Amino acid sequence: MGRDVIIACDFASREQTLAFLDPFEREKPFVKIGMELYYAEGPQIVREIKARGHKIFLDLKLHDIPNTVKKAMAVLSRLDVDICNLHCAGTVAMMEAALEGLTRPDGTRPLLIGVTQLTSTDQARMERDLWIHAPIDEVILHYAENARAAGLDGVVCSPLEAGAVHGRCGAEFLTVTPGVRFADGDVGDQVRVTTPARAKELGSDYIVVGRPITAAKDPVAAYRRCVEEFVG
Ligand code: C5P
């Protein structure tokens, strides 16, 4: 898969989500379904959006004992999504089990990416709450290396970390990056943001864009602008 823009469909209901997607008749964007929508509507919403022709990143961030994650991933692989994810903090054994569960009998599977450290976690919180005392940038790269060693396809990270992740884990290792804003747009609660054009320069493979598209007056135009800047 090449570079692409993924729209974060952070809506609470099927109705809102489908109303948002209706005008995207022509381009069928890649969409991200997160916990809010999935827990509200269940697997049927995934099937319905997939049936409309969209690629899907199912962002459920699994983290449990290896056997439980393996079995849950086997269920998700039957939903025919394109990307799913987990927390790298679950250990290499958990990531390996996840891959096993995700792989279908015919050998195909969705891409699997890992969350290194959430962007809501900073150095101080990591030290105080998690008792991790290494520099956060090093922790992120170490978790990315663990993900690669386990056979995962990439990680979620900031566009600002994409170059370092590629440097450590290889150009083929995917970087999926939220925290993207237009140069003339609202930053909202994101702190370290980059534009789609800058994310491209920094080497992101996929950008995840929510409110700059979902809250725009003309979401289709905002999406097209993103694609133009990022994919070119
Ligand atoms: O609206 P906005 O563009 O900020 O949405 C970004 C999306 O990416 C949200 O769904 C958010 O939960 C997700 N995300 C993030 N930072 C991470 C991981 C996921 O913003 N580190």
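Here is a short chat about helix packing and the ligand site in a predicted model.

Tutor: Two ground rules before we start. This is a predicted model, where local features need pLDDT of at least 70, side-chain atom pairs count only at pLDDT 80 or more, and totals for chains, interfaces and linings use all residues. Residues are numbered from 1 along each chain as its sequence is written, and side-chain values use heavy atoms, with hydrogens and water left out.

Student: Okay! Why are helix 1 and helix 3 called roughly parallel?

Tutor: Look at the angle: helix 1 (residues 14-21) and helix 3 (residues 43-51) pack at about 15°, with axes 11 Å apart. Angles under 35 degrees count as roughly parallel, so helix 1 and helix 3 get that name. Their crossing is right-handed.

Student: What makes the contact between helix 1 and helix 3?

Tutor: Arg14, Thr17, Leu18 and Leu21 of helix 1 meet Ile45, Glu48 and Ile49 of helix 3; contact means heavy atoms within 4.5 Å. By class, that gives four nonpolar, one polar and two charged residues.

Student: What about helix 7 and helix 8: why are they oblique?

Tutor: Their axes come within 10 Å and cross at roughly 45°, helix 8 being residues 159-169. Helix 7 and helix 8 are therefore oblique to each other. Their contact has six nonpolar, no polar and five charged residues.

Student: Now the ligand. Which residues surround the ligand?

Tutor: Among them are Ala8, Asp10, Lys32, Thr119, Gly210 and Arg211. To be near, a residue needs a heavy atom within 4 Å.

Student: Where do Gly210 and Arg211 come in?

Tutor: Gly210 uses a backbone N or O atom, 2.8 Å from a ligand oxygen. Arg211 has a side-chain N or O atom 2.7 Å from an oxygen atom of the ligand.

Definitions and conventions: A polar contact is a pair of N or O atoms within 3.5 Å; within protein, one must be able to donate a hydrogen and the other to accept it, and residues adjacent in sequence count only if both atoms are side-chain atoms. Axes are lines fitted to C-alpha atoms, for helices over the stretch in contact, and angles run from 0 to 180 degrees between N-to-C directions. Helices (H or I, at least four residues) and strands (E, at least two) are DSSP runs, numbered from the N terminus. Angles under 35 degrees count as roughly parallel, over 145 as roughly antiparallel, 65 to 115 as roughly perpendicular and the rest as oblique. A crossing is left-handed if the near helix is turned anticlockwise from the far one by less than a right angle, and right-handed if clockwise. Ala, Val, Leu, Ile, Met, Phe, Trp, Tyr, Cys and Pro count as nonpolar, Asp, Glu, Lys and Arg as charged, and the others, Gly among them, as polar.
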